[in-house]
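Please look through the sequence and the 3D structure shown here before reading the notes that follow.

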Amino acid sequence: MLGTMAAAFESLAPLIAAQLKYLLAHSSLPIKVDQIWSGCRNAQFSDRFTLLVPFCLDYVKCERQNLLFPVYGFCDYYANCLNKDDFLVLLVVVFRAGDIIYNAYYPSLAPDIVFSPEDEDFHPLPFGEDEREGEARMVKSSLCNWDSKDPSRLLALIHEIRDLYMYHQRKLVGELDDARLKFEISTILSREGIEICKISGPERPEEVKFAVPLLDMDLNKLVPGCPWREQQKIYLQVVFPVSRKYSSAPTAPHIKLVSSPDLKTLLSVEDVKLPPWIDGMCMAEYLPNLEEKLREEVMEAVKAVTTRRHFIEALAPIFGRPIEADPVFCRSATVLSVSGVFTFLHFDFQGRPIKSPPMTEYPWSPRWETSHMVERIFDFLVDECLNFKKNCGDIVARQQ
């Protein structure tokens, strides 16, 4: 799969490939490329690709459609340079997984971006707006005076459109006739970085999802030597059902913690027990207790890294220097030790090598001094080696 995507990436026109490479290398968002293809048969270069742009803790994607949907013609708007006949068959997706449409024959021209019919009311460019307001937004747009030789332009465009989409979603939610949601928005949106998304579909009730960033601390700097390139974050995802009826004590919404994938090497937020959400509570009341508990969990996880590092360092005098070890989060170490002489490789009745099962129960206590615990584990393994040797001998005896 990776080889196929790499080959598709190399098929892009050089100017387009340079912009995409810059975007993936410099974006503060974990943007992904879903697929790359050409808008013409037998074309020398590919000129279209689908970007998975994260929004509100999700990547959302639709399926291929053999229909003509609205294409918001950024390129047409500024240069009238693309032929709409080329747009008859496209992978149409919402912006959170948007199609980027270049023209391989004219790679210096700005791209178009395709949205799904679900977002047909999202107009990132000022079509049909007040002339002065439209001109003001056009001047600020990354598409104004597009320079294909500047590799940063696509990155600026995607971030710009995402910001406009975020504003669009907030406006949609603000227009809902739901007193509880209006109150939540009025009391929580002062927090920086909150994202809101309206969720609806033909077979599901209307809901509104909040993605609330937690902990005003740099998680990347908590562990020395941390290799994370992207800034790690923890969010509270809150999903409210849309209700047009007033309730003096509304029920709790659906809540869960979500973190950046790499953070799991330090702390698995799925294992953090959330404080109870009392009926009638709002997010502004819930978040302080949650953040206090989460901060304690994070600092305990950092402390555990130090404890594991001391344990690995204590292995050397007893087991010998580890062959390899996780030097950052200290979750694993490999040592090679010898006890007695046992140099035969034994097989069972099916011809498979006999091996000992993984050991999950061994001498351990947080109250023991580290070097003492290592000694006890060593003695435990010596006994296990003798038991394993005896077990192999018994199997060989039964085979004879």
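**Briefing on the predicted model**

Helix α5 gives the most to the lining of the second largest pocket, with 4 residues. This is a predicted model, in which local features need pLDDT of at least 70 and side-chain atom pairs count only at pLDDT 80 or more, while totals for chains, interfaces and linings use all residues. Residues are numbered from 1 along each chain as its sequence is written, and side-chain values use heavy atoms, with hydrogens and water left out. Helices (H or I, at least four residues) and strands (E, at least two) are DSSP runs, numbered from the N terminus.

**The second largest pocket**

- A pocket is found on a 1 Å grid over the protein atoms alone, as an open set of points where a 1.4 Å probe fits, with protein on both sides within 12 Å along at least five of seven lines, and its lining residues have an atom within 4 Å of a point.
- The second largest pocket holds about 1,200 Å³ of space, where a volume is the space filled by probe spheres set on the grid points, which are joined across faces, edges and corners.
- Its lining is made up of 37 residues, and those nearest the centre are L57, Q231, K233, Y235 and S260.
- At least two lining residues come from each of α5 (153-174), β7 (204-214), β8 (234-241) and β9 (254-259).
- By class, the lining of the second largest pocket has 18 nonpolar, 7 polar and 12 charged residues, where Ala, Val, Leu, Ile, Met, Phe, Trp, Tyr, Cys and Pro count as nonpolar, Asp, Glu, Lys and Arg as charged, and the others, Gly among them, as polar.

**The largest pocket**

- The largest pocket holds about 1,400 Å³ of space, and among the 44 residues that line this pocket, F319, V335, M359, I377 and L381 are the closest to its centre.
- Helices α7 and α8 (370-399) each supply at least two residues of this lining, and α8 gives the most, with 13 residues.
- The lining of the largest pocket divides into 31 nonpolar, 9 polar and 4 charged residues.
- At least three of its lining residues come from each of domain 1 (194-308) and domain 2 (337-399), with domain bounds that come from an automatic or database domain assignment.

**Helix α7 and the residue after it**

- Helix α7 (residues 283-319) has 37 residues and reaches 52 Å from its first C-alpha to its last, which is close to the 54 Å expected at 1.5 Å a residue; the expected span is 1.5 Å times one less than the number of residues.
- Just after α7, G320 takes a positive phi of about 100°.

**Strands and their pairing**

- Two strands pair if DSSP finds at least two bridges between them, and strands β1 (residues 32-37) and β2 run antiparallel, joined by 5 bridges, with W37 having R48 in β2 as its bridge partner.
- Strand β2 (residues 48-52) is largely enclosed by the rest of the structure because 5 of its 5 residues are buried, where buried means under 20% relative accessible area, exposed over 50%, and partly exposed in between (1.4 Å probe, protein chains only).
- In β2, R48, T50 and L52 point one way while F49 and L51 point the other way, and all are buried.
- In a regular strand the side chains alternate between the two faces of the sheet.
- Strands β6 and β7 pair in the antiparallel sense over 6 bridges and form a hairpin with 2 residues between them, and I196 has F210 in β7 as its bridge partner.
- Strands β7 and β8 also pair in the antiparallel sense, over 8 bridges, and A211 stands opposite Q237 in β8.

- Most residues other than glycine have a negative phi.
- C56, in the loop between β2 and β3 (71-72), has a positive phi near 55° and counts as buried because its relative accessibility is 1%.
- C330, in the loop between β10 (324-325) and β11 (333-334), has a positive phi near 55° and counts as buried because its relative accessibility is 6%.
- D279, in the loop between β9 and α7, is partly exposed at 47% relative accessibility, and D279 and A249 are 30 residues apart in sequence and 5.7 Å apart in space, C-alpha to C-alpha.
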